[in-house]
Amino acid sequence: MKRCDWAGPEQIYIDYHDTDWGVPEYDSRALWEKLILDGFQAGLSWITILKKRENFREAFAGFDPNLIADWGEADVERLLKNPGIIRHRGKIEATITNARVWQDIERREGFDTYLWNFVGGAPVQNHYATHGDVPTWTDTSKQISNDLKKHGFKFCGPTIVYAFMEAVGMVNDHLVSCHRHDAVAQMAVRR
């Protein structure tokens, strides 16, 4: 079975590629969780985050932004002592700030609607032949990054945002030779 070049050889990576990556996500909370995890990935490999994902979910109250928005310094200190996550003060503090930003956007228009409007409400269907053809960022990811930052979001540069867009299916970047490309394309709906 042909997969994207980056998927493997570890089973957790293969499973993530075959079941999660690129599947369109429309749930506001789930979108926020993935964007936060992509922010934690900055400077690291995704496999590092993937292996710690359940630890992150436990440490961050199931990634409930409504709970996290009320956290303070005691919570930051507690998380800095948790060996199951990435213990980076800036990223932890950013998660709390980003929960508050999520609340504002969610109240105003829905975080899901806000994000999906950047791609016209439907996944962009790319047709890349090789991993080298896939960009690390695009004008759209730069636009989203700038807009998120304008709202106060942190750890959301254009490269982080593009990785997020790929993961949540805002763009279909499975290679055309990958068995998931057409399957993911068939999941595309307009919001």
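# A friendly note on rings, pockets and a buried helix

1. Let's start with a charge and a ring: Arg78 sits over the face of Trp71, at 4.9 Å from the ring centre. Lys34 does likewise over the face of Trp46, at 3.9 Å from the ring centre. A charge counts as over a ring when NZ of Lys or CZ of Arg is within 6 Å of the ring centre and within 35 degrees of the ring normal.

2. Before going on, a word on the source. This is a predicted model, in which local features need pLDDT of at least 70 and side-chain atom pairs count only at pLDDT 80 or more, while totals for chains, interfaces and linings use all residues. Residues are numbered from 1 along each chain as its sequence is written, and side-chain values use heavy atoms, with hydrogens and water left out.

3. Now look for rings beside rings. A search of the whole structure gives 14 aromatic pairs (rings of Phe, Tyr and Trp, the last by its six-membered ring, with centres within 6.5 Å; planes under 30 degrees apart are stacked, over 60 edge-to-face, the rest tilted). Why is the pair of Phe111 and Phe153 called stacked? Their planes stand at 15 degrees and their centres are 6.4 Å apart, so the pair is stacked.

4. Helices (H or I, at least four residues) and strands (E, at least two) are DSSP runs numbered from the N terminus. Both Phe111 and Phe153 are buried (under 20% relative accessible area; exposed is over 50%, partly exposed in between, with a 1.4 Å probe and protein chains only).

5. On a 1 Å grid over the protein atoms alone, a cavity is a set of points where a 1.4 Å probe fits but cannot get out; a pocket is an open set with protein on both sides within 12 Å along at least five of seven lines; lining residues have an atom within 4 Å of a point. Points are joined across faces, edges and corners, and the volume is the space filled by probe spheres set on them.

6. The largest pocket has a volume of about 490 Å³. It is lined by 23 residues, and Trp21, Gln41, His131, Ala163 and Glu166 are the closest to its centre. Helix 1 (11-19), helix 2 and helix 9 each give two or more residues to this lining, and helix 9 gives the most, with 6 residues. The lining divides into 14 nonpolar, 4 polar and 5 charged residues.

7. The second largest pocket has a volume of about 260 Å³. Of its 16 lining residues, Asp20, Glu25, Ala30, Lys34 and Arg53 lie nearest the centre; Lys34 is the residue over Trp46 in point 1. Two or more residues come from each of helix 2 and helix 3 (46-59), with the largest share, 6 residues, from helix 2. This lining has 9 nonpolar, no polar and 7 charged residues.

8. Is helix 9 mostly enclosed or open? With 7 of its 10 residues buried, helix 9 is largely enclosed by the rest of the structure. The buried residues are Ile160, Val161, Tyr162, Phe164, Met165, Glu166 and Ala167. Their cover includes helix 1, helix 2, helix 7, helix 8 and strand 2 (171-172). After helix 9 comes Gly169, whose phi is positive, near 75 degrees.

9. Finally, compare two residues. Tyr162 in helix 9 is buried, with a relative accessible area of 2%. Leaving out residues up to four places away in sequence, Tyr162 touches several others, including Asn126, Trp137 and Val171 (contact means heavy atoms within 4.5 Å). Glu109, in the loop between helix 6 and helix 7, is partly exposed at 34%. Setting aside neighbours within four places in sequence, Glu109 is in contact with Tyr114 and Asn117.

Methods
Ala, Val, Leu, Ile, Met, Phe, Trp, Tyr, Cys and Pro count as nonpolar, Asp, Glu, Lys and Arg as charged, and the others, Gly among them, as polar.
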